[in-house]
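Dear colleague,

Please find the structure below for your records.

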Amino acid sequence: MKLCRFKTKQDEVRIGIVAENDSAVLDLTPAGVSQLHPLLEDDNPVARLNRLAHEKLPRIALSEIRLCAPLERQEVWAAGVTYLRSKTARMEESDFSASAYDKVYAAERPELFFKSLAEKVAATGESVGIRRDAKWNVPEPELALVMNSKEKIVGYTIGNDMSSRDIEGENLLYLPQAKIYRHSCALGPWILVGATEATAREWKIKIEIHRNGKNVLAGEASVGQIKRRFDELAGYLFRSQVFPHGAVLLTGTGIVPPDTFTLQERDGIAIEISGIGSLRNRVELV
Ligand code: DO4
Ligand code: MG
């Protein structure tokens, strides 16, 4: 079951169930649902959504609405160096930080960092940013876990952890500047509710980057290559911490473009996760 936030032509934000092979949404407003939060906090969100889907609800074509980022007040966090490919790439990027990446990949405690406030997240169709003071900018296509306030993984969405690799490579302490800036995080297009970790681990993550009508980069990874279990990542995120509005956790990237590649203004980024859908953004200079 796919759950979305969308804006009507009158600019009203509503909650919907994505239906008919992703071509329409069922507007949950007449059923009294105006926020994601109560659905994500429900003891059995899948059963609740199945009941709602059987009610007589208005159906709106996807072409008639604008999808919003599928979150409300959740903090967005990210895990790093969860794929072998990410560890290798970061060790090559920086002599200075190489041993830190090597150690964190093997360590019991994962690397977790704050990524974004909910209101700063770009939705599908919106722009993602590359910093004007960076020379080497890349997308990081990642599976995102959607967790409620009780640490339960309720669903999944697609994330882009936009990063400036030259800033990150210069000094590990610059990580927040390499990772957290205007439009550095995109999430969407919606939340897939209820899949198990075993199912999610079968999914493929693909990225394509288009420039002036040409495909300039393509890459693929498998969710199954993530080294750590999802409940392990969630468990560390919630240690000595509370998330009253829930949290979204990006699970790390397994696709690293060649070192000669950097994003340019107006590039189109399409990230697809086989079980979820696709997240599409254009690049702007920020
Ligand atoms: O510490 C660097 C960031 C790692 C990261 O974002 C990733 O592996 O996806
Ligand atoms: Mg990342």
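Predicted model: local features only at pLDDT ≥ 70, side-chain atom pairs only at ≥ 80, totals over all residues.

Glutamate 140 and glutamate 142 are both buried (under 20% relative accessible area, 1.4 Å probe, protein chains only).

The side chains of these two glutamates also approach ligand 1: an N or O atom of glutamate 140 lies 2.9 Å from an oxygen atom of ligand 1, and for glutamate 142 the corresponding distance is 3.0 Å. A polar side-chain atom of glutamate 111 is 2.7 Å from an oxygen atom of ligand 1. The protein covers 100% of the 280 Å² of accessible area that ligand 1 has on its own (Shrake-Rupley method, 1.4 Å probe).

Of the 16 residues around ligand 1 (a heavy atom within 4 Å), those that come nearest are Val81, Ser86, Glu111, Lys179 and Thr253.

Residues are numbered from 1 along each chain as its sequence is written, and chains are lettered from A and ligands numbered from 1 in the order in which they are written. Local features need pLDDT of at least 70, side-chain atom pairs count only at pLDDT 80 or more, totals for chains, interfaces and linings use all residues, and side-chain values use heavy atoms, with hydrogens and water left out.

Kind regards

Technical notes. Buried < 20%, exposed > 50% of the residue type's maximum accessible area, 1.4 Å probe, protein only. Polar contact = N/O pair within 3.5 Å; in protein donor to acceptor, adjacent residues only side chain to side chain.
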